[in-house]
Amino acid sequence: MIRNQILSVENLSKSFFLHEQKKIIPSSSQINFKAYPGKLIALIGPTGAGKSSVLKCIYRTYQQTSGRIIYKTAAGDSVDLALASDHRVLELRRNEIGFVTQFLHTLPRQKTLDVVAMPLYQQGVSRQQGREQASKLLAELNIPKQLWEVPPATFSGGEKQRVNLARGLIASPRLLLLDEPTASLDAQTTDRVLRLIQRKKDQGTAMLAIFHHADLVKRIADDVVELTLPEKTH
Amino acid sequence: MSSAINFAFLDEYAKREIRRSVLKAICIPGYQVPYSSREMPMGRGFGTGGLQLTLALIGEDDCLKVIDQGSDDSVNAVNLRKFVEMTCPGINTTTRLQEATLIQSRHRIPERPLLAHQILVLQVPYPDALVIVEPSEEKRKTMHGEADYSRLLVKLYEDIVKFKEITISHRYPTRINGHYIIDPSPIPRYDVPKLNQSESLTLLGAGREKKIYAVPPYCSAEPLAFNDVPFRIEDFTGANGERRTCMICSTSNSFLDEFIDEQGSRVYQCSDSDYCAQQQECVHG
Amino acid sequence: MDKILEVSGLSQIYGPGCDQCFTCTGPEFETNICKHCSSIVALHDLTFDLYKGEILGIMGESGSGKSTAVKCLYFDQMPFGGSAIFFNNKEQKHLFTLNPAQRRSLRNQHFGMVYQNPNLGLNFDISAGGNIAERLLMNRVLNYSEIRSRAHELLTRTEVLTERMDELPKNFSGGMQQRVQIAKALSTRPSLLFLDEVTTGLDLSVQAKILDLILEIQAELDTAMIVVTHDLGVTRLLAGRTLVMKYGRVVESGLTDQILEDPQHAYTQQLVASAL
C-alpha cells in the first residue's frame, strides 16, 4: 500500500550558537523520518538527544540549522517549514498543525472553556459551538465541571496538562506534535488520554510524540525514531 | 477744514483695501479675511472694525443707522453716528430701519427683516469661534480649512451633559454655506436665524483682531447643534406659560430686555428701540 | 489573508543629517548618533508587512526607534524617508504622500492610538464620555443620544465604571485612564490600532487585565495591532510576530515564540537572558 506522507524530515540538524560565550551547543543532528496520516511516530532517546528540539523545529519555534522539513498542506502544496514565511507558518499553525507542550500559557482571565475552544474561535467557529465541543473534551479528560468556567492559572499540573491537551486536540489538526502529553497524569487518566489520541489517529491525524515511558510508546506508537546524544564537538 | 480730511476719514487706499477684503469675504462665505485694520481716533473695542467697514462702503447717497444693543441713542451709537456725520459730509442718518441703506450694529440684528438694498455691518470683538477650544491660530486655520469642528461640538456635548441643554447665550457658533463656522458677534441666539437666507448682505468686522468676514445674501447660516438636540432660541415664556410682551408697545414677537422697575418687580421691553417705537405708532395711529 | 499595511525602508533622522548618517550608526557601531553631523538616526530601513487581524510586536529598549516608527505611521511626525501603504478594502493609500486632510481622516477613522501617557491620548479638560464623543463627532455622528449610548457601551466594554462617564479623566487611576484611552481609540472600530507601551508603569494585576482586554477586543473586532513594548511578557502574550530593534535598526524578526525561545542575534539573546 502506498501511503502519502504528510511530513518529511530530511537531514535535520539543530544547534544553538550562544553569542555571549561564543559557543555552539549541538542539539539534534541528521534526523530523517516521514510522518503519515493516521500514524503516530514516537521520538525516543536519552535526555539531551534533542527530541523536543525536533518538534520545535517542525513548529518553527526553533530555526533549524540545516536540513529540510517538507510539509504537504491540505491544499496539496509542499512547504519547507524551515523556509516558509512567518505568515504562512502562522496560517498553518492556525489551521493544520497543532502542538501540545508541557507548559500552558494563557491569559489571566480567560476561562478554561474558552482556552480550550480558542483554536476553534480562530478558525471562525461560533462561541457557542466552540464551547460545546470544549465541554465534551474536558468531560472526556475528566476535568471537573466546576472548573470549566474558571481560568486554569490555579489548576494543578495534571489539570493544566489536560487542558493543554484538549486545546491541542480540539481543532483536529492534520499534524499534531505532542511533547510528553501524559507526564504528570495518573494511570487512569493516562488511559483516557491514550484513548483520545487513538481516536484522533483513527480520524487521520498524523502525530509526532515524545513520551516519558517506554511502555506508552509500545501501546500507542506505530513507529519510532531513535535519537542519540549529539557528539561533543568542542 | 474739508480739505484736511478725506471723505469718510480713511484715505482712498485704505478704503480700497477694505473693499477688496470685503469682496473676498463675500466670495468665501464665513472665511475670516485678514486686513490691515487702521488706527481710528477711538479705542479698539469701541467698534473700530465695524466703523472701518462703514467708512469704506458709505457714499453720499447712503442713509446710515447706527445701533448699540438695539438702541439708537446709547452713547456708543451716538458717538459713532456723529463721527460718520462729521467725516462724511452729505450723507443722511436715520433711526428708522426702512430708511437706512447701511446699518452698523453691535449685539443685535434689527427685528424687522432686512431687504436686498440694505447692508448690515456688525461689530465683532472675537472673530474666531474656535478660540475657546484651540489657542494656536495656526492650528485653528487648519481646522477651519478642513471644516473640523468636532471640538466645538464636544463643547456642546459637555454643556448638555452638565446642564441638560446648550447654554451658549451669545456668539453662537454658526456654520455658513455648509463649511466655515463663524462667531456671529455677541448677538443673542434669538438673532442667529435672521442670518439664514437673509435678503441683505451681512458684513462682520473685527478691528482689534484685523479680520473681516461675511454672510452673503441668500446664504445658509446654520447654528451648530445635534440632530436630536436642536438649536433653540430664547422663548420668553413667563411663569404663567404665556409669552411675555413689551411693557411699552405690547408686542409679543420681539427680543425683550429685562429690567427691575421702581417697585422691584421684573418688567420687559423691546430691545430694538426703533421697532418698539414703530409698533406704538401703528397702535396709536 | 489580506494585507493591511506594507512598510518599506522607513527612516527617521533628528538633526541636520548627512551622507554618512546611515553608514556610521546602528547596532554594530553601538550608537545611533552620527559622528559626522551629530544627528540622531532614530530609525533606519524599517520594513514589514502587517495582515488583517494580526498583532505585531515591536520590542526594544528606549532609544531603539520603536516609538518613532509608530509615531511616523500614525502621522505624529513625518519620516525622513521610506514608504508605507495602507490597504483599505480595495483602496491603497500611500501614507506619506497624503495631504494633511487625508492624513487626518485616516487617523480619525481607520487608525487608533493608545499612548503610554494618557495625557497624549485624552483631553483631560473634558469628561471621559466627551473624549469618546470627540472621536465620534469627527466621524460625523451628530446624534447626541447615539453618542451617549455608544460611549456608554464602549466604556462598559473596557470596564470603566459608567457612573464616572461624565467625570474628568484626570481624576482617574492610571489603569482607568488607559481603559478610557482604549475605548476612545476603538470608538470608530479602526482596522489598525497602535499601542505604545500601554501597560508600562501600571501595577502588574492591572497590566494583566488590560492585556486580557486588548486580546478579547482583538478577537471580537479582528483589529490589526502594532504593539510597541520593552516588556518580553507583553509581546509573548499579545504578538504573533515580533521585531526586535536596537539603535534604530531591526536586528531580528520572526514568530514571537521563536524570538523568545531560539533568538539568533546576540542582542536578542542578551535581552531574553536578562528578562525576569
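The legends below describe close-up views of a predicted model.

**View 1. Chain A as a whole.**
Chain A holds 7 helices and 9 strands. Its C-alpha atoms fill a box of roughly 55 × 40 × 35 Å along the principal axes. The radius of gyration of chain A is 18 Å, which agrees with the value near 17 Å that a compact globule of 234 residues would have. Of the 234 residues, 40% count as buried. Take the contacts in chain A with a separation of 6 or more: residues 24 or more positions apart account for 71% of them.

**View 2. The two domains of chain A.**
Where the domains meet, 12 residues of domain 1 of chain A are in contact with 11 residues of domain 2 of chain A. On the domain 1 side, α2 and α6 (187–202) of chain A each supply at least two residues. By class, the domain 1 side divides into 6 nonpolar, 3 polar and 3 charged residues.

**View 3. The parallel sheet of chain A.**
This open sheet of chain A has 5 strands, in the order β6-β7-β8-β3-β9, and the pairing is parallel. β6 (97–100) and β9 (223–226) of chain A stand at the edges. Each has a single partner strand, so one side of each is left without a neighbour in the sheet. From one strand to the next, the twist averages 20 degrees. Look next at one edge. There β6(A) pairs with strand β7 (residues 175–179) of chain A in the parallel sense, over 4 bridges. Val100(A) stands opposite Leu178(A) in β7(A).

**View 4. Helices on the sheet of chain A.**
Helix α1 (residues 51–59) of chain A packs on the sheet. This helix touches β3 (40–44), β6, β7 and β8 (206–210) of chain A. Its direction makes about 150 degrees with that of β7(A). Helix α5 (residues 157–170) of chain A lies across β6 and β7 of chain A. The helix runs at about 175 degrees to β6(A).

**View 5. The mixed sheet of chain C.**
In chain C, 6 strands form an open sheet in the order β6-β7-β8-β3-β9-β10, with mixed pairing. The edges are β6 (111–114) and β10 (249–255) of chain C. Each pairs with a single strand, so one side of each is left without a neighbour in the sheet. Neighbouring strands are turned by 15 degrees against each other on average, direction ignored. Strand β9 (residues 241–246) of chain C and β10(C) run antiparallel and are joined by 6 bridges. Leu243(C) stands opposite Ser253(C) in β10(C). Helix α6 (residues 174–186) of chain C lies across β6 and β7 (192–196) of chain C, running at about 175 degrees to β6(C).

**View 6. The two domains of chain C.**
Here the domain assignment gives domain 1 (1–110 + 192–276) and domain 2 (114–189) of chain C. Their centres, taken over C-alpha atoms, are separated by 25 Å. In the contact region, 15 residues of domain 1 of chain C are in contact with 16 residues of domain 2 of chain C. The domain 1 side draws at least two residues from each of α2 (100–109), β7 and α7 (204–221) of chain C. α7(C) gives the largest share of that side, 5 residues. The domain 1 side has 9 nonpolar, 4 polar and 2 charged residues.

**View 7. Where chain A meets chain C.**
Across this interface, 16 residues of chain A are in contact with 21 residues of chain C. Helix α2 (residues 86–95) of chain A provides the largest share of the chain A side, 5 residues. The chain A side divides into 7 nonpolar, 4 polar and 5 charged residues.

**View 8. Where chain B meets chain C.**
Chain C also touches chain B: 14 residues of chain B are in contact with 17 residues of chain C. Helix α5 (residues 150–163) of chain B contributes 8 residues, the largest share of the chain B side. That side divides into 7 nonpolar, 3 polar and 4 charged residues.

How values were computed:
Residues numbered from 1 in each chain as written. Chains lettered and ligands numbered in written order. Predicted model: local features only at pLDDT ≥ 70, side-chain atom pairs only at ≥ 80, totals over all residues. Contact = placed C-beta atoms within 7 Å. Nonpolar A, V, L, I, M, F, W, Y, C, P; charged D, E, K, R; others polar. Pairing = 2+ DSSP bridges. Axes fitted to C-alpha atoms, helices over the stretch in contact; angles between N-to-C directions. Domains from an automatic or database assignment. Rg over C-alpha atoms; globule rule 2.2 N^0.38 Å. Buried ≥ 20, exposed ≤ 12 C-beta atoms within 10 Å, placed from the backbone.
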